[in-house]
Number of protein chains: 2
Amino acid sequence: MASHFPVNKLSTNGAEPSDHYDREAMMMIPDQNDMGEESNLQVGEDFAVVEPKDEECSVERLHHLSKIVTQFQDHLRERASNYLGYPGNQNCSHYLALSTLLQFNINNAGDPFKKSDHGLHSKKFEVGVLDWFARLWGIDKDEYWGYVTNGGTESNFHGILLGRELLPNGILYTSEESHYSLFKIARMYRMDCETIASLATGEMDCDDLRDKLLMNKDRPAIINITIGTTFKGAVDDLDLVVQTLTDCGFSDNQFYIHCDAAISGFVVPFLKQVPKFTFKKPIGSVSISGHKFLGCPMPCGVLITRRRYINLISRSIEYIASFDTTIAGSRNGHSPIFMWYVLNIKGWKGLKQDVEKCRKNARYLRHRLKKEGISSMLNEMSITVVFERPPDNEFVRHWQLQCLGNMAHVLVMPHVTVEMLERFLYDLIRKRKTWYGKVHPPCLAEDVGICNCACAVHACI
Amino acid sequence: MASHFPVNKLSTNGAEPSDHYDREAMMMIPDQNDMGEESNLQVGEDFAVVEPKDEECSVERLHHLSKIVTQFQDHLRERASNYLGYPGNQNCSHYLALSTLLQFNINNAGDPFKKSDHGLHSKKFEVGVLDWFARLWGIDKDEYWGYVTNGGTESNFHGILLGRELLPNGILYTSEESHYSLFKIARMYRMDCETIASLATGEMDCDDLRDKLLMNKDRPAIINITIGTTFKGAVDDLDLVVQTLTDCGFSDNQFYIHCDAAISGFVVPFLKQVPKFTFKKPIGSVSISGHKFLGCPMPCGVLITRRRYINLISRSIEYIASFDTTIAGSRNGHSPIFMWYVLNIKGWKGLKQDVEKCRKNARYLRHRLKKEGISSMLNEMSITVVFERPPDNEFVRHWQLQCLGNMAHVLVMPHVTVEMLERFLYDLIRKRKTWYGKVHPPCLAEDVGICNCACAVHACI
């Protein structure tokens, strides 16, 4: 489907800090100092905010704005039909049933469990959602605390803050494959951070963790483990991390483990023979995203921790008659309702079906790539298929692939159909013939392991 | 209008960390470890997430969920009709025109000005909104950087982070009346913080600022000034703060000023003879909220800073082909469209009309309270009417008043009509007769100044 929406000429590289959008459009509101000169306004173009000509917004103007939004939606629809590399489920049409909620300004400011005089909140939905996740992760209602966040980064902010407040002199340990927010948090929180090496699968290298723990035995450890790394979908081995801590002589009150399950938090619980992440093990917090596998229309997430930890950061705020226990102040009141709705519609069985479909489709994609002699990898607990990076920015942009070094990946989310994968494979295989002739496809042995590499040297698969 | 929605028995005080909601409802998803025992599910009640009985979500179930949401909306409508104390504009019905956007999972991850391979974003709308605010605050397009945040707290996080990265050894100075996020940020960022006293108006006491600056002359100053304090709507005097810094011998490269304009950012620009906050003065960043005066349906805000500062915190993230310059990772793609839409509909003139209406209504409320002999205050640049705290929790809950010590306040937002104020005044005056007999109304002289106090001793107005 063609889009009439103006498409940027994008490139995968070369985004420089000085690259502003083209600014053909003039933005035409008066300067603060120009009060009273409002007749001096002009009409801008494009996406600039433009001052209405008349006293009231005219019907023509409403129509014009509506047209821009409609064209934008056509563009989104087209982009969603080729959306393969980013971790967002684009099956979102059921949220339209909640569209009338947009006429309300809903704010869940403060603690989800505290009563408040503020009436325009959705905290009962929020608690319903939190209870669901608490049960999923094996912690009793009276034992947990949590909230619906604005996404995985805010959830990580909260989890690591709890770790730091419990263990103020603690060092943050996180693998080189973990989400970029962890390194940002360490800088922002002024924490020392040890980056742990990873295996070819993307999993944390616990030998390296051991070495680094032993070098810092006099200081507590705050460990982030990733349930689904951003690029390879790898799952850090919680049991091995705990064992490593014990082997290195760290007792229970000398470490804190935060689990970042943004990507694979909905996948791992459905797998068999997989180390589970649960509060029955010595973890302090878990974060998950709501806009990834669940496909909520806007970024959101959940953070769950042990209730006894929350008093560490709680502050009473008299005028909102609540406790400031979260990172954000005002909090999105719509996203808990979106999460509540989709969990109620799908339920455990529906999510399981989604996971099974995604894993099947991911295996199919991996099989086809392998058959074509293309270096690729699919981790056991993952729906992320890693393969050689296409040397064609237009192709990468069209399929919205994420790229890292010599690798690209497809994240087989619930909206990714076999038909979409077939279109992608057809395009890839056809264009690949033009990419490689004088030059060979890159070697991915270091990135995904020799057995997954199909380069001229390692074509052993 | 009566609400069929179950209303909590709320109280203004006594929210204890252990006060969970009543949990009549059972949450009925299977534990991770109970895989295969899905037939063991029961149907819960209330707002719990409940496993669907059938393989697919039935029509009856969709109807049931829809009924819960409809009842919730009736409840919200009733609560919005008595919404006086919290800083949210409840005139939101025009956002319904954008309701079809809920079928898209939109994510503005990364820098608003960078091109990206990710297609489902609304960054052109976002830049349109940012340009509008940059012009409002007197900074050229090529000179500014900014983004649409999840609200005032995230904006403050960003502004103060820039200050700290510019001046790593800086002390944060912020008034005791500033938003609670500032003190949270100081703790999270491990910054030393000096709390500055305030005047009875709520404005920062620059004599106290001077004393504290002089005590710390060897370290840079990161100063938060508030454009509309949370409780009294006071506006800190930027010009006087700058003068105080100069008087104390702080040169331009020894201080950073962040302006938190969450509450009154849309009010002050329309006032005459008021010290303006603008980038033509030596400020580093400004934050404003989109869900307060503008009434966007979910918390959002804007942060604008000088472009030359942003490289301090920018990190290239290869796999999202963008720069991590914001606090959040994934970012709400809907809220920039809401802001863009309302700014286009209202324009400068429409906002000015809203401000004039709110100020007129605030003056009317203040006049009526004064006439009734009730202690009250309305700052010159404010739409917040402070008055004696009603000693009746049910009354406070009904009108959703914010309370602090002996004070309560009404925030006269655009949705507050004269009719709503009349209902409020009628209720207040009638009930007040029953509150005071043996006991007298509290003295508010220390809170709002002797001239605004109508207690038995200070009834000089």
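This is a predicted model: local features need pLDDT of at least 70, side-chain atom pairs count only at pLDDT 80 or more; totals for chains, interfaces and linings use all residues.
**Exercise 1. Two helices of chain A**

Determine whether helix 8 of chain A and helix 10 of chain A are roughly parallel or roughly antiparallel to each other.

*Solution.* Residues are numbered from 1 along each chain as its sequence is written, and chains are lettered from A and ligands numbered from 1 in the order in which they are written.

Step 1. Locate the helices: helix 8 of chain A covers residues 335–371, and helix 10 of chain A covers residues 418–435. Helices (H or I, at least four residues) and strands (E, at least two) are DSSP runs numbered from the N terminus.

Step 2. Take the geometry: the axes lie 11 Å apart and the packing angle is about 20 degrees. Axes are lines fitted to C-alpha atoms, for helices over the stretch in contact, and angles run from 0 to 180 degrees between N-to-C directions.

Step 3. Classify the angle (under 35 degrees is roughly parallel, over 145 roughly antiparallel, 65 to 115 roughly perpendicular, and the rest oblique). Helix 8 of chain A and helix 10 of chain A are therefore roughly parallel.

Step 4. A crossing is right-handed if the near helix is turned clockwise from the far one by less than a right angle, and left-handed if anticlockwise.

**Exercise 2. The residues between these helices**

Which residues of helix 8 of chain A meet helix 10 of chain A, and how do the residues of this contact divide by class?

*Solution.* Step 1. From helix 8 of chain A come Asn361(A), Tyr364(A), Leu365(A), Arg368(A) and Leu369(A). Their partners in helix 10 of chain A include Val418(A), Glu422(A) and Phe424(A). Contact means heavy atoms within 4.5 Å.

Step 1. The contact of helix 8 with helix 10 of chain A has nine nonpolar, one polar and two charged residues. Ala, Val, Leu, Ile, Met, Phe, Trp, Tyr, Cys and Pro count as nonpolar, Asp, Glu, Lys and Arg as charged, and the others, Gly among them, as polar.

**Exercise 3. The sheet of seven strands in chain A**

In what order do the seven strands of the open sheet of chain A stand, and which are the edge strands?

*Solution.* Step 1. The order is 1-7-6-5-4-2-3, with mixed pairing. Two strands pair if DSSP finds at least two bridges between them.

Step 1. Strand 1 (144–149) and strand 3 (193–196) of chain A are the edges, as each pairs on one side only. On average, neighbouring strands of this sheet are turned by 15 degrees against each other, direction ignored.

Step 2. Inside the sheet, strand 4 (residues 221–226) and strand 5 (residues 255–260) of chain A pair in the parallel sense over six bridges. Phe255(A) in strand 5 is the bridge partner of Ala221(A).

Step 3. Helix 5 (residues 206–215) of chain A lies across strand 2 (171–175), strand 3 and strand 4, at about 155 degrees to strand 3 of chain A.

**Exercise 4. The sheet of four strands in chain B**

Describe the open sheet of four strands in chain B and the helix that lies across strand 10 of chain B.

*Solution.* Step 1. The strand order is 10-11-13-12 and the pairing is antiparallel. The edges are strand 10 (376–378) and strand 12 (402–404) of chain B.

Step 1. Strand 12 and strand 13 (residues 407–411) of chain B pair over three bridges. Gln402(B) stands opposite His409(B) of strand 13.

Step 2. Helix 8 (residues 335–371) of chain B lies across strand 10, strand 11 (384–388) and strand 13, at about 160 degrees to strand 10 of chain B.

**Exercise 5. Helix 2 and helix 8 of chain B**

Is the crossing of helix 2 and helix 8 of chain B left-handed or right-handed?

*Solution.* Step 1. The axes of helix 2 (residues 123–136) and helix 8 of chain B come within 8 Å and cross at roughly 35 degrees.

Step 1. The crossing of these helices of chain B is left-handed. Among the residues in contact are Trp132(B) of helix 2 and Trp340(B) of helix 8.

Definitions and conventions. Side-chain values use heavy atoms; hydrogens and water are left out.
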